[in-house]
Amino acid sequence: MSDHIIEVKDLSVEFRTDEGTVKAVKNVSFSLPRGKTVGLVGESGSGKSVSSLAIMKLIPNPPGEITSGQILFDGKDLVKASDTEMRKVRGNRISMIFQEPMTSLNPVFTVGDQICETLMLHQSLDKTAATKKAIELLDQVGIPNPTERVKSYPHEMSGGQRQRVMIAMAIACEPEILIADEPTTALDVTIQKQILDLLADLQKKYNMSVLFITHDLGVIADIADEVIVMYRGDIVETGTCEQIFTHAKHPYTKGLLACRPSLESNPERLPMVSDFMDEAGNEKSHSLDLDKVHKYVRPIDEQKNPVILQIKGVKKHFPMQKGLFGNVKTWLKAVDDVTLNVRRGRTLGLVGESGCGKTTLGRTILRLIEPTGGQIIYDGNDITTYDRSKMRAMRRKMQIIFQDPYASLNPRMTVGAAIMEPMVIHNLGNGKAERIEMAGDLMDRVGLSRTMLNRYPHEFSGGQRQRICIARALAVKPEFIICDESVSALDVSIQAQILNLLLDLQEEFDLTYIFISHDLAVVKFISDEVAVMYNGKVVEMNDAVGIYENPQHDYTKKLLSAIPKGIPKTLMPAST
Amino acid sequence: MKATTMNAVNVASNPQLEQGRSLWYDAYLRIKKDKVAVISFFTICFYLVLTLLSSLGVIFDNYGVVDNSLTYLPPSWDHWFGTDLFGRDVLARAVHGTKTSLVVGFAGTGIAMAIGTVLGACSGYFGGKVDDLIVWFYTTIDTIPYILLVVAFSFVLGPSLLTLCLAIGLTAWVRHCRIVRAEYIKHRDLDYVQGAAALGASHARRIFLHILPNVFHLVLINFSLGFVGAVKSEVILSFLGLGVEPGTPSWGVMINDAKQELFRGVWWNLAAATLFMFFLVLAFNLFTDALRDALDPKLKNK
């Protein structure tokens with residue numbers, strides 16, 4: 001028996017598409033030691049998920065194909081294994097957890113049935129024994145009241161609980177290897193911490209080897225023993241977690257480590273991967289101040305930064321249950337009596353976990369959702385009293401950038417048409433030629449080429465689409481922009497670029513932002529003032545430094561402690 | 001170095017825009033690769049050309065020529081599908097019947113699509129009272145047996161091609177309306193529509209400029225499905241005597257005539273009408289399948 005349970009040698013995977021052959025993974029070799037956790041890090045398209053799917057032999061064929069290499073699992077080459085042999089391995093000896101707990105459970109079966117299925121398939125247990133085991137497993141993954149919950153359907157559980165159920169399914173047959181593909185990316189920070197702790201516990205208990213795939217180095221610092229960094233289908237660096245975090249060699253790794261906003265530092269601008277590495281992947285000298293304790297605070301000047309937007313006691317209640325005659329019995333108080341002030345040219349960060357009402361509040365401010373009560377005073381005028389035509393004129397001043405750049409652009413419209421649409425609506429620019437010129441300037445401004453105006457959204461990457469969304473929001477020359485989780489769907493390396501772009505634009509056009517996010521570190525970096533939302537209410541508000549150094553409310557403290565520190569456990573001070 | 005600066009100047013003064021690839025163009029490429037779809041498409045075109053030429057009188061202008069000495073001639077080189085009771089050329093009748101079918105197909109389904117799309121869009125987009133009203137309306141229409149409605153139309157307007165189109169158009173939209181409504185409900189809350197709202201786009205702009213292009217593939221698919229239905233309806237209604245006015249060439253009328261002729265061994269009237277209908281319906285069905293595969297984004301990477 002070798003020390004490594006999986007040895008991948010010289011693996012290449014290609015995808016054949018209409019546009020030609022894409023080499024997703026190029027001659028990659030790595031190994032997974034027994035009983036250890038290995039982090040596989042890289043941005044989307046780096047080939048990290050493809051490598052892990054190759055181990056399970058789950059690459060969709062066509063269009064994908066393993067073109068060379070070996071995957072030795074306990075000395076046996078999985079690339080050559082037949083489908084029947086693979087079926088015995090999958091879910092039994094190697095199992096996998098996926099990113100989306102919402103879609104990876106079958107909604108028409110109870111969670112108990114789904115766990116039992118694996119057990120009955122691989123361990124030939126009967127239904128009663130399997131159910132008993134399922135209850136034990138649910139208990140192990142920390143689902144309260146497992147005897148009852150085993151009969152629940154997926155939709156009756158929260159995202160975090162569903163991910164726990166996925167983990168229960170994955171460990172049901174006590175696999176030797178657990179592959180976790182971005183298991184916490186779709187979850188809130190507080191839930192993320194719980195899931196990470198759970199995975200670490202289970203790994204020790206069953207002495208599993210865990211391959212943890214993520215785009216965020218900070219997440220795996222606590223739990224990984226070794227780290228593999230992938231970039232464009234190649235492994236650029238491997239090493240122990242400590243080595244990577246303290247003495248990264250490859251410029252890409254250095255960039256990845258530096259670009260994540262952290263709670264300790266507050267730089268003026270975020271370092272980007274492109275500061276460390278040029279297009280060809282060569283090291284670049286940079287003049288960045290990487291001192292982690294650097295604190296930059298923008299001054300707030302009463303003259304230059306007056307309060308431009310006042311939110312006074314805004315409420316949004318949704319009817320939940322209606323009586324026989326349409327009278328509402330219970331209300332969901334999504335936003336409940338919120339009062340906030342936003343200053344011109346500055347950023348207000350709005351933090352909270354999913355379901356706390358922060359998105360509803362953002363849309364209520366723009367009156368995309370009508371408030372149930374309260375006042376929204378912009379520049380001295382209460383816009384809740386505006387009629388439709390006055391509100392339409394108002395929309396020139398207030399804009400929004402959404403979370404999902406894939407959903408927020410109309411797929412049937414060229415990006416040029418999308419950027420020019422607000423100009424058409426608000427009658428900006430004389431004629432088409434001038435508008436094209438203006439749209440081209442905007443494309444240049446957000447860092448895209450003006451020659452791309454005739455392309456369609458599906459031809460761009462996530463980060464590029466977010467830039468297009470920003471360009472569209474800027475098209476009306478707004479004063480005020482709400483960024484609703486605008487960087488949450490992006491890789492950390494892209495996130496840094498977009499955050500810097502937002503800062504530059506704020507400087508250039510004297511923009512005012514409300515920045516909504518569940519990620520406290522991001523909010524800390526970009527905001528001047530921060531408000532914490534919990535259950536529809538603002539529980540704490542302070543300037544950006546104050547709220548992190550001196551949190552008052554219990555919920556704020558809980559949020560802060562849940563953020564991954566981004567420091568390997570071996571390097572953590574003994575006191576914590 | 002010089003070349004790149006030149007390029008930059010060029011781009012700035014004369015922006016040569018790169019051509020984007022729209023989703024429609026992707027669908028077109030996929031359809032083009034599908035042999036069955038291409039053959040079906042040209043079959044449909046063949047029917048269209050046939051209709052056009054025959055209605056202009058270029059070919060088969062002898063469809064109405066009555067010659068009682070030629071009654072029930074079997075197929076021959078002069079008359080490929082023989083002659084009918086009045087000595088008229090069956091092939092010519094069948095070709096002219098194509099016109100009836102196509103007109104009913106296009107006009108009837110067109111009316112249905114227009115009504116279904118507009119009502120479905122409003123119902124799904126606005127929700128609330130508008131939705132209640134429209135759903136109530138189409139549920140009511142749906143409860144009345146379809147034939148009964150058509151008979152009612154025929155009584156009021158008298159049997160004619162126009163009646164047929166109206167009858168089919170005013171009854172066939174319900175299914176399409178349901179689908180469009182569901183699709184609008186899904187799309188109205190998506191970020192790109194919300195984004196348009198935040199930019200100040202009016203309701204009409206959001207309904208027709210933003211959402212409609214994204215659900216238009218369904219209109220196309222439903223159109224070609226509805227077309228087949230309309231052609232079959234016309235044949236059935238004409239067979240029942242509720243269709244076109246007497247004397248107009250129609251496949252349904254031909255099949256109806258064949259009822260009395262078959263036991264005399266005159267099979268060609270039936271054969272001509274059935275074959276013509278068979279190929280048109282088959283071509284449309286196959287084309288619809290290909291269209292659905294090409295347009296449905298969910299099947300894109302299969």
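Guide: H3(B) passes H11(B) in a left-handed crossing. A crossing counts as left-handed if the near helix is turned anticlockwise from the far one by less than a right angle, and as right-handed if clockwise. This is a predicted model, in which local features need pLDDT of at least 70 and side-chain atom pairs pLDDT 80 or more, while totals for chains, interfaces and linings use all residues. Residues are numbered from 1 along each chain as its sequence is written, with chains lettered from A and ligands numbered from 1 in written order.

Visitor: Why are H3(B) and H11(B) called oblique to each other?

Guide: Helix H3 (residues 35–55) and helix H11 (residues 268–295) of chain B pack at an angle of about 140°, axes 8 Å apart. The axes are lines fitted to C-alpha atoms, for helices over the stretch in contact, and angles run from 0 to 180 degrees between N-to-C directions. Under 35 degrees is roughly parallel, over 145 roughly antiparallel, 65 to 115 roughly perpendicular, and the rest oblique. The pair is therefore oblique.

Visitor: Which residues of H3(B) and H11(B) make the contact?

Guide: H3(B) uses B:Val36, B:Ala37, B:Ser40, B:Phe41, B:Thr43, B:Ile44 and B:Tyr47. From H11(B) come B:Phe279, B:Leu280, B:Ala283, B:Phe284, B:Leu286, B:Phe287 and B:Ala290. Contact means C-beta atoms, placed from the backbone, within 7 Å. By class there are 12 nonpolar, 2 polar and no charged residues. (Ala, Val, Leu, Ile, Met, Phe, Trp, Tyr, Cys and Pro are nonpolar, Asp, Glu, Lys and Arg charged, the others, Gly among them, polar.)

Visitor: What makes B:Ala283 buried?

Guide: B:Ala283 has 22 other C-beta atoms within 10 Å. Beyond its neighbours within four places in sequence, B:Ala283 is in contact with B:Ser40, B:Thr43 and B:Ile44.

Visitor: Why is H8(B) called mostly covered?

Guide: 8 of its 8 residues are buried. They run from B:Asp191 to B:Ala198, B:Tyr192 and B:Gln194 among them. The cover includes strand S16 (398–401) of chain A, with helix H7 (161–188) and H9 of chain B. Just after H8(B), B:Gly200 takes a positive phi of about 95°.

Visitor: How many residues does each chain bring to the contact between them?

Guide: Chain B brings 23 and chain A brings 30. H8(B) gives the most on the chain B side, with 6 residues. That side has 11 nonpolar, 9 polar and 3 charged residues.

Visitor: What makes S12 and S15 of chain A edge strands?

Guide: The open sheet has the order S12-S11-S14-S15 (chain A), with antiparallel pairing. Strand S12 (328–343) and strand S15 (381–382) each have a single partner strand, so one side of each is left without a neighbour in the sheet. To pair, two strands need at least two bridges found by DSSP. S11 (residues 307–322) and S12 of chain A have 11 bridges, in the antiparallel sense. A:Phe318 stands opposite A:Leu332 there.

Visitor: Is S8(A) mostly covered or exposed?

Guide: Mostly covered: 6 of its 6 residues are buried. A:Ser209, A:Leu211 and A:Ile213 point one way, and A:Val210, A:Phe212 and A:Thr214 the other. S8(A) pairs in the parallel sense over 5 bridges with S3(A), and in the parallel sense over 5 bridges with S7(A).

Technical notes:
Helices (H or I, at least four residues) and strands (E, at least two) are DSSP runs, numbered from the N terminus. Two residues are in contact if their C-beta atoms, placed from the backbone, lie within 7 Å. A residue is buried if 20 or more other C-beta atoms lie within 10 Å of its own, exposed if 12 or fewer, and partly exposed in between; C-beta atoms are placed from the backbone.
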